[in-house]
Amino acid sequence: MPPLDFLIVDVFAVGPFTGNQLAVFLDAGDLSTEQMQQLAREMNYSETTFVLSRSPREGGYDVRIFTPKRELPFAGHPTLGTAYAIARELIGTFPERLVLNLPIGPIGVTASSANSDAYDATGETIYWMRQAPPNLGPELDPAAIAAAIGLPPEAIDPDYPVEEVSTGLPCAIVPLRSLAWLKKARLNRERFAALAAMTQSQAILMFCRDTYHPENDLCARVFAPGAGVDEDPATGSANGCLAAYLVAHAYLGNTEEIDARVEQGYEIQRPSLLLLRARADGRAISVEVGGRVVPIACGTLIAEC
């Protein structure tokens, strides 16, 4: 196998060495599934992606996503980070819309200047992806969820449901009463395994109204042992599910659309910021998730795998 170039980026970052780390291997079409999984274990990030060719096919770039444990049909921060890597390394500029061909279907990514965006005044580019239409439901047992995250049932906000939502990866959305409870959450592997056996959810997103920084709207944590990640520092797919949940249940007081800033990763020293947009049109909800991408390193794989 010839040397293989890769790029490491931080996605949903608030600066270098924050957000969620991603390794992107370019021109990886000659690798087998087993080799991709081996490299994902070697990188040991939440996810590693593989761009299968240097040129688009049917309007998009074929991409595969792996955790250290298994392949995923979709994931949020790998989508944004891989789009950035393709634009930087293969195209030379970011097009009006860059499409990734993922197992769940084509996902488009766009870029906009933060200077013209109410979210941020850093001057950094914000990258946005529109996720697949969300599926909401069923509601889940709050006591079972509480046990899986090591909290008593009274930690869960009784005014809103605990609900499974999916935009490609099913996730349990759990409203908590306070940041104090959010900080106390601990993964109970045995209880999570029992919960996962009864639902489609491979992850749990817990959130609350309290935040570390007053300019943000919500604070969240994500446990995803079903994907081989105990706690994720920034989770685009799960936050897309959260965006749909916020609109469906008028959590932020608006039943038609939301624009929200969500903190994640502070408890594991990887502070992250995810920007959520969701709009309801009748019973349908459209979801976009955005954030910054910061390049960290580039290299070349020289070992055979």
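1. Domain bounds here come from an automatic or database domain assignment. On that basis, the chain splits into domain 1 (4–132 + 292–301) and domain 2 (135–265). Keep in mind that this is a predicted model, where local features need pLDDT of at least 70, side-chain atom pairs count only at pLDDT 80 or more, and totals for chains, interfaces and linings use all residues. Residues are numbered from 1 along each chain as its sequence is written, and side-chain values use heavy atoms, with hydrogens and water left out.

2. Let's look at how the two domains meet. Their centres, taken over C-alpha atoms, are 24 Å apart. Contact (heavy atoms within 4.5 Å) links 20 residues of domain 1 with 18 residues of domain 2. The size of an interface is often given as the accessible area lost when the parts come together. For domain 1 and domain 2 the buried area is about 1,400 Å², and carbon and sulfur atoms give 53% of it; buried area is the accessible area (1.4 Å probe) that two parts lose on being put together, summed over both.

3. What about polar links across that interface? There are 7 residue pairs in polar contact between domain 1 and domain 2, both residues being at pLDDT 80 or more. A polar contact is a pair of N or O atoms within 3.5 Å; within protein, one must be able to donate a hydrogen and the other to accept it, and residues adjacent in sequence count only if both atoms are side-chain atoms. The rule finds 0 salt bridges there, a salt bridge being a side-chain nitrogen of Lys or Arg within 4 Å of a carboxyl oxygen of Asp or Glu.

4. Now find histidine 77 in helix 2 (residues 76–91). Helices (H or I, at least four residues) and strands (E, at least two) are DSSP runs, numbered from the N terminus. Is histidine 77 buried or exposed? It counts as buried because its relative accessible area is 1%, and buried means under 20%, exposed over 50%, partly exposed in between (1.4 Å probe, protein chains only). Its side chain makes a polar contact of 3.2 Å with the side chain of asparagine 20, and one of 3.2 Å with that of glutamate 47. Leaving aside residues up to four places away in sequence, the residues that histidine 77 touches include Val11, Phe12, Ala234 and Gly236.

5. Helix 1 (residues 33–43) has several buried residues, among them Met36, Leu39 and Met43. The buried residues of this helix pack against strands including strand 1 (4–11), strand 3 (47–51) and strand 18 (293–301). Just after helix 1, asparagine 44 takes a positive phi of about 60 degrees.

6. Two loop residues are worth a click. Phenylalanine 17 sits in the loop between strand 1 and strand 2, with phi near 65 degrees; it is exposed, at 58% relative accessible area. Aspartate 27 lies in the loop between strand 2 and helix 1, with phi near 55 degrees, and is partly exposed at 36%.

7. Next, the strands. Two strands pair if DSSP finds at least two bridges between them. Strand 15 (residues 257–264) and strand 16 (residues 272–281) are antiparallel, with 8 bridges, and aspartate 259 stands opposite arginine 277 in strand 16. Strand 16 also runs antiparallel to strand 17 (residues 284–291), over 7 bridges. In that hairpin, glycine 282 takes a positive phi near 70 degrees.

8. Proline 138 belongs to strand 9 (residues 135–139).
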